[in-house]
Structures are given as structure tokens and as C-alpha cells.
Amino acid sequence: MIAWLSGLWSGGTAAVEPATLRDAAPLAQLHGASFHRGWGEGEFETMLTERNTLVHRLRLGRKIIGFAVSRMAADEAEILSIAVAAGQRGRGLSRNLLLTHLGHLAGRGVRTVFLEVEENNRPARRLYDRAGFTVAGRRERYYRQPDGEQLNALLMRRDLS
Ligand SMILES: CC(C)(COP(=O)(O)OP(=O)(O)OC[C@H]1O[C@@H](n2cnc3c(N)ncnc32)[C@H](O)[C@@H]1OP(=O)(O)O)[C@@H](O)C(=O)NCCC(=O)NCCS
């Protein structure tokens with residue numbers, strides 16, 4: 001009963017849906033809160049109108065609590081960004097977001113998906129491992145943190161079939 005009530009209060013089940021132009025502002029806000037170099041509203045507006053870019057939102061009630069963004073080229077795609085709002089992390093929500101996003105990429109004819117992830121980003125590594133991505137390469141000191149620290153990147157790939 002309490003779980004049901006709290007589910008109702010927080011908007012029920014999280015839905016994964018194609019994002020629209022009207023989502024640009026909340027998406028930019030969420031991106032800025034999740035990454036050092038945030039993407040602005042204008043960047044999201046551009047991506048939401050480009051035919052080769054696929055953007056999904058994770059919606060809980062009326063709130064956007066996550067997103068996944070990919071760019072497609074021929075039968076390949078790169079996941080450019082994926083995030084879940086800090087207050088909603090650790091609840092397994094990213095898995096459905098990623099798998100739904102991959103399903104739509106497959107539907108658009110994509111056969112191979114690439115992404116880059118910081119080597120020590122444990123939640124993201126776990127998410128991608130469990131979704132069937134494998135390490136295809138490693139880039140030393142690829143990310144520079146605001147404090148000057150340089151972190152390694154892993155290139156991961158997954159074939160869609
Ligand atoms: C990466 C991210 C999208 C994952 O979203 P999430 O909804 O919190 O993910 P989940 O709850 O599904 O957890 C993913 C896995 O990581 C594990 N995990 C969560 N926090 C962890 C931590 N601090 N250390 C190790 N593993 C952790 C979870 O247990 C889960 O593994 P499991 O499926 O074996 O149980 C989210 O953490 C995020 O937005 N991070 C900031 C942005 C980012 O780094 N994006 C990825 C860029 S490549």
C-alpha cells in the first residue's frame with residue numbers, strides 16, 4: 001500500500017519516450033547537472049531536429065528524469081550521452097532507458113553501436129556490461145577534469161541483431 005502510494009505520488013512507472021523540441025530546456029538542465037561540460041538548450045534543440053540524432057527521454061509523471069542521445073551514420077551509431085537524474089539513480093531505471101534506445105536504433109537500421117565511458121565510472125560500466133557492450137579500445141588520459149586530473153576512456157561496442 002505504501003509502495004503503491006509512493007509510486008502514485010512520484011508519478012508511477014518511468015516511461016521511455018522519444019523526446020520532443022519542448023524537452024530541450026529540461027534536457028539541458030539535466031545534462032548540465034550530470035556532466036562537467038553541459039550541453040545548452042540550443043544544442044539540444046539542434047539535436048532534436050537533426051534526422052541523424054536520436055533522443056529519448058525518461059519521464060516520471062510530468063518530470064523528465066533521464067535521457068539517452070545517439071548519433072547515427074549509415075549502419076553505425078554512437079551513444080553521445082546518457083544520464084538519470086541524481087535523485088533517481090541506483091533504482092535500475094537506466095537499463096530500460098538504454099535497452100529501449102538500442103531497440104529504436106536497431107529499428108532505424110543500426111547494426112553496431114559505440115560509446116565512450118570513463119574507465120572508473122562504475123555505474124555506467126556496469127550498465128553497459130550488462131547491456132552486452134564489450135571493450136573495443138582504451139584511450140589514456142582522454143578526459144580532463146576541471147581540477148586538471150586526466151582520466152582514461154574505454155571505447156565500447158555492441159552489435160545489434
Ligand atoms: C550511469 C547512469 C546513467 C546509471 O543510471 P542508474 O539508473 O543509476 O543505473 P542503475 O540503477 O541501473 O545502476 C546501474 C548498475 O550500476 C550499479 N551501481 C550503481 N551505483 C554504483 C556505484 N556507485 N558503484 C558501483 N556500481 C554501482 C548498479 O548496482 C547497477 O548494477 P546492477 O544492474 O548489477 O545492479 C547514472 O549513474 C548517471 O546518470 N550517471 C551520471 C552520468 C553518466 O556518468 N553517464 C554515463 C556516461 S558514459
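Where is alanine 74 found? Select alanine 74: the residue is in the loop between β3 (63-73) and β4. Helices (H or I, at least four residues) and strands (E, at least two) are DSSP runs, numbered from the N terminus.

Before going on, note that this is a predicted model, in which local features need pLDDT of at least 70 and side-chain atom pairs count only at pLDDT 80 or more, while totals for chains, interfaces and linings use all residues. Residues are numbered from 1 along each chain as its sequence is written, and side-chain values use heavy atoms, with hydrogens and water left out.

**Two positive phi angles**

Stay on alanine 74, whose phi is near 55 degrees, a positive value in a residue other than glycine. Most residues other than glycine have a negative phi. Alanine 74 counts as exposed, at 75% relative accessibility (buried means under 20% relative accessible area, exposed over 50%, partly exposed in between, with a 1.4 Å probe and protein chains only).

Next select arginine 141, in strand β6 (residues 134-144). Arginine 141 is not a glycine, yet has a positive phi of about 45 degrees. With a relative accessible area of 53%, arginine 141 is exposed.

**The ligand**

An N or O atom of arginine 130 is 2.4 Å from an oxygen atom of the ligand. For serine 94, a polar side-chain atom lies 2.9 Å from a ligand oxygen. For arginine 89, the distance from a side-chain N or O atom to an oxygen of the ligand is 3.2 Å.

**Two buried histidines**

Move to histidine 101, in helix α4. Histidine 101 is buried, with a relative accessible area of 0%. Its side chain makes a polar contact with the side chain of serine 70, at 2.6 Å (a polar contact is a pair of N or O atoms within 3.5 Å; within protein, one must be able to donate a hydrogen and the other to accept it, and residues adjacent in sequence count only if both atoms are side-chain atoms).

Finish at histidine 31, in helix α2 (residues 24-34). Histidine 31 is buried, at 3% relative accessible area. A polar atom of the histidine 31 side chain lies 3.0 Å from the backbone nitrogen of tryptophan 39.
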